[in-house]
Amino acid sequence: MITCRNLTRRFGEHTAVNDLSFEVDAGAICAFLGPNGAGKSTTVKMLTGLLAPTSGEVEVCGLNPQKDPIELKRRIGVLPEDLGLFDDLTVEEHLELTAGVYGLPKREAKERITQLLRTLSLEHGRRTFASACSHGMRKKTSFAMALLPNPRVLFLDEPFEAIDPVTSKIMRGVLQSAAAHGITVFLTSHILPVAEEIATQVMMLSKGRLVWNSPASGLERGLEEHYFEMVESPVVEELEWLGQPQS
Amino acid sequence: MARTAAILKAVARALRRDQKTIESIAGNNFFWVTVILLQRAGTFIYLLLALILLFPLSTDPLRKVPASRRALWPLDRRERWSLRLLSPWINPMTWLLAAGSIFVARGSVSVGLWAIVGSLIAGVFLISSLPLGTRGTAWRAIPHFPGALNQLIRKNLREMLVTLDFYCALILSLCVIAFRIWARLPEEALLPMTALVAIALSSYAQCLFGLDGDSGLERYRLLPLRGWQVLAAKDAAYLTLAIPLSFSVVPAAGLSAALVALAVGHSATVRHQKPQARWRFSAGAPLMEGLWQAILIAMAAAAVMHTIWVAIACAAAWIASLWWYGRMWESME
């Protein structure tokens, strides 16, 4: 469903993504892990057609994001890094916008919107403008927008960060159910226990390079242990001045 | 003062990165055109208006610092005030306008008037610091539009209704209505008034994405819409407000001028994408581009009075611009 061959993206002298090659099958939940600045969001942007690769090839749903951007956007749902919300639309209006742009029949759109608002506990804030929403509400709105058109592939950039435990559990359930129905989920996250719980494929990125790619069942040890070994091990430096009287 | 100086230094550095070329200095068409029209009679007042209305506003350097971060800094009241009052002076345009004001008003303005002007500026700075942002919902009750772009057009209208450009055009338009009802407005005044109403709105046409923010811009890129559709939703909102405003003047000229404003404004809208602030005047295109837009608006408004073919040509130019800049918008990252 997702194929990358020698994908590279440079920003001037800096290589953000370096010679990335991987495949993700239909119905998989792929956790794309790595430290801040590793190139995860850049990769997601290239997969969703928001950024052109410097070199290499990408195919999502059999389409090239650069050649068929509109057709690709019709088939994918995205929860972007900065959520992609308009301050001047309410939670419900964002969903109505998505339904209109993706051409959903009115009755079906209404039913799906009602169900999504209920499932994600957004009903009480449906008429709240995005500018007045909490970060969690904004994230749930963006997640609902990604799901609403019933996409074939879901790209979720850090979906579980800043989400309350109940909604996080609901979202995990929704994603597992979607994957069981053949929808491919490609997500980035820093919350390793959650990634470990739901992922069927794990990829780790470090300094723009893919350092690990295997089915989740292929991990011999815990994901966190693997991550520290493959990506970077934590070094806690003592900050002696912390707690000293202020100058 | 060391803390204030450190912040000003950082803000100045950020501002310098934005203002590497003369092109980055944007202005407001209505302001520049009225300065030119009124010449010496009104220059002083208008330069002051610019100081009051433009610089604490759209190009306020303190906007470089997120309000939440500013609130967290351990500054006392005196330091916050000095930061507020000193920050505009790190913008070279403020110096330029202040120098212009002093030059024009030398010897003819009393100390008292300067004091009034000073208080006005301080007052606007104060208002500028108030969290007017997105509070209230009165202007957000927008009717629905037919078609898939309904919510986009509604959003764009809401954005336009929180800019001062619209209210400036509205006041001009209402003044024309009042003059036509209660006084005798000479026929020859109608055309210039039409152009002025269109010019008052035109700077907004240069920064149609200005209030969407980075998050909104990313959403636009994710929607399965062609570039021309995104611009058309913007233009539909613009024309929804511009057309009724031209009813009080010369409707055909007003419509042609609005189409020209959009046709020319698409260029700056797509290429510069300057962020704007709510409840401020818009400042999108570089100065010369803005002036060209104003000149073409005036020419279109005048020419349409001779032949209706000009209106058709304006519509054709708008469609061509929509298509061209729509394609450019799609190709940009």
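In this predicted model, the crossing of α11(B) and α14(B) is right-handed, a term for a near helix turned clockwise from the far one by less than a right angle. Local features need pLDDT of at least 70 and side-chain atom pairs count only at pLDDT 80 or more, while totals for chains, interfaces and linings use all residues. Residues are numbered from 1 along each chain as its sequence is written, and chains are lettered from A and ligands numbered from 1 in the order in which they are written.

**The helix pair**
- The axes of α11(B), residues 227–246, and α14(B), residues 309–331, come within 7 Å and cross at roughly 120°.
- That angle makes α11(B) oblique to α14(B), since angles under 35 degrees count as roughly parallel, over 145 as roughly antiparallel, 65 to 115 as roughly perpendicular and the rest as oblique.

**The whole chain**
- Chain B has 14 helices and 0 strands, where helices are DSSP runs (H or I) of at least four residues and strands are runs (E) of at least two.
- Of the 333 residues in chain B, 41% are buried, that is, with 20 or more other C-beta atoms within 10 Å of their own, these atoms being placed from the backbone.

**Helix α8**
- Buried residues of α8(B) include L164(B), F166(B), L172(B) and V176(B).

Technical notes
Axes are lines fitted to C-alpha atoms, for helices over the stretch in contact, and angles run from 0 to 180 degrees between N-to-C directions. A residue is buried if 20 or more other C-beta atoms lie within 10 Å of its own, exposed if 12 or fewer, and partly exposed in between; C-beta atoms are placed from the backbone.
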